[in-house]
Amino acid sequence: MKLSLGPLQYFWPRERTLAFYREAAGWPLDIIYLGETVCSKRRELGTRDWIALAAELAESGKQIVLSSLALIEAESELGVLQRLIDEGGCWIEANDLSAVQLCRERGMPFVAGPTLNIYNHHALAMLMDDGLRRWVPGVEQGYTLLRELRAAMLAEEQPMPELEVVAFGRLPLAYSARCFTARALDVAKDQCDFRCIEYPDGMPLATREGRPFLRINGIQVQGEEVTDLGPEILQLRELGVDVLRLYPQADGMAGIVDHYHLVRRSPVPPPRIGARNGYWHGEPGMRPVTS
């Protein structure tokens with residue numbers, strides 16, 4: 001079972017980002033995803049910088065994958081994607097069908113990211129014909145759904161792609177053309193002054209009663225909890241999961257990677273170091289509380 005470092009969901013200063021990834025080159029990871037997946041206005045690192053960083057990190061022997069935006073809205077964003085595909089020299093994580101089309105046209109293998117909305121074996125098989133080699137299911141797709149989809153693929157004698165599951169981190173729940181961070185700070189999206197850089201783990205959002213609820217991250221909304229599938233390692237093995245994805249956090253990431261390096265080799269489930277992932281178990285994310 002491999003370990004991957006998912007794409008950075010937050011907006012960090014340039015030097016912090018570069019230092020983070022240069023440290024990550026020495027961690028027991030097999031795959032590192034690079035690139036901006038949330039907002040094209042985040043340009044502390046430009047396209048040329050991500051491509052150069054990919055080449056630098058590839059020297060560590062890890063597989064480097066360049067990730068696309070989850071929501072492509074402009075011709076300029078499509079142009080950036082074309083550069084990543086044509087000049088990046090590595091696989092692409094397609095988080096938008098525009099990326100799938102460009103990879104298919106160029107005959108390039110790609111990773112299907114968690115925002116592609118693949119919910120049945122027919123869609124998965126079709127995309128495999130287009131070049132899909134690894135699949136990251138949407139965060140709401142849990143154990144039962146994945147088991148049923150895998151069984152359907154085997155019943156039709158279709159091979160499964162590599163299966164990568166989000167094992168640790170805050171789960172991305174929704175994307176919108178509206179910037180939630182700008183709205184919360186009462187500034188226009190086009191004059192946001194890149195204020196999300198002030199929130200290295202996203203802006204906390206509480207209920208009216210003051211209970212932690214969500215994290216606002218530009219045009220993305222995340223769950224508040226940092227979820228942890230380490231204790232479900234036996235189920236992950238049973239499903240034939242090939243890769244465990246760990247999303248970058250502002251603090252303590254080296255320790256998290258070391259923890260999962262032990263988890264993937266352990267014959268017994270470890271203690272939980274984050275929150276329980278209700279999606280994995282087919283449960284609601286929140287339950288009503290009666291007074």
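In this predicted model, Cys192 sits in the loop between H7 and strand S8 (203-206). Its relative accessible area is 12%, so Cys192 counts as buried. Beyond its neighbours within four places in sequence, Cys192 is in contact with Lys41, Ala182 and Val187.

With neighbours within four places in sequence set aside, the contacts of Cys179 are Lys189, Gly218 and Ile219.

The unreviewed entry lists Cys39, Cys179, Cys192 and Cys196 under "binding site". These residues span 158 residues in sequence, yet no two of their C-alpha atoms are more than 11.9 Å apart, so they gather at one spot. Cys39, Cys179, Cys192 and Cys196 also belong to the lining of the largest cavity.

A search of the whole structure found four cavities of 30 Å³ or more. The largest has a volume of about 140 Å³. Its lining comprises 16 residues, and Cys39, Cys179, Cys192, Cys196 and Gly218 lie nearest the centre. By class, ten of the lining residues are nonpolar, two are polar and four are charged. Gly218, one of the residues nearest the centre, is also a contact of Cys179.

The second largest cavity has a volume of about 100 Å³. Its lining includes Leu8, Trp12, Arg42, Arg43 and Trp50. Here the classes are six nonpolar, two polar and four charged residues.

Notes:
Residues are numbered from 1 along each chain as its sequence is written. This is a predicted model: local features need pLDDT of at least 70, side-chain atom pairs count only at pLDDT 80 or more; totals for chains, interfaces and linings use all residues. Side-chain values use heavy atoms; hydrogens and water are left out. On a 1 Å grid over the protein atoms alone, a cavity is a set of points where a 1.4 Å probe fits but cannot get out, and a pocket is an open set with protein on both sides within 12 Å along at least five of seven lines; lining residues have an atom within 4 Å of a point. Grid points are joined across faces, edges and corners, and a volume is the space filled by probe spheres set on the points. Ala, Val, Leu, Ile, Met, Phe, Trp, Tyr, Cys and Pro count as nonpolar, Asp, Glu, Lys and Arg as charged, and the others, Gly among them, as polar. UniProt positions are given in the numbering used here, feature names are shortened, and annotations may be inferred rather than shown by experiment. Contact means heavy atoms within 4.5 Å. Helices (H or I, at least four residues) and strands (E, at least two) are DSSP runs, numbered from the N terminus. Buried means under 20% relative accessible area, exposed over 50%, partly exposed in between (1.4 Å probe, protein chains only).
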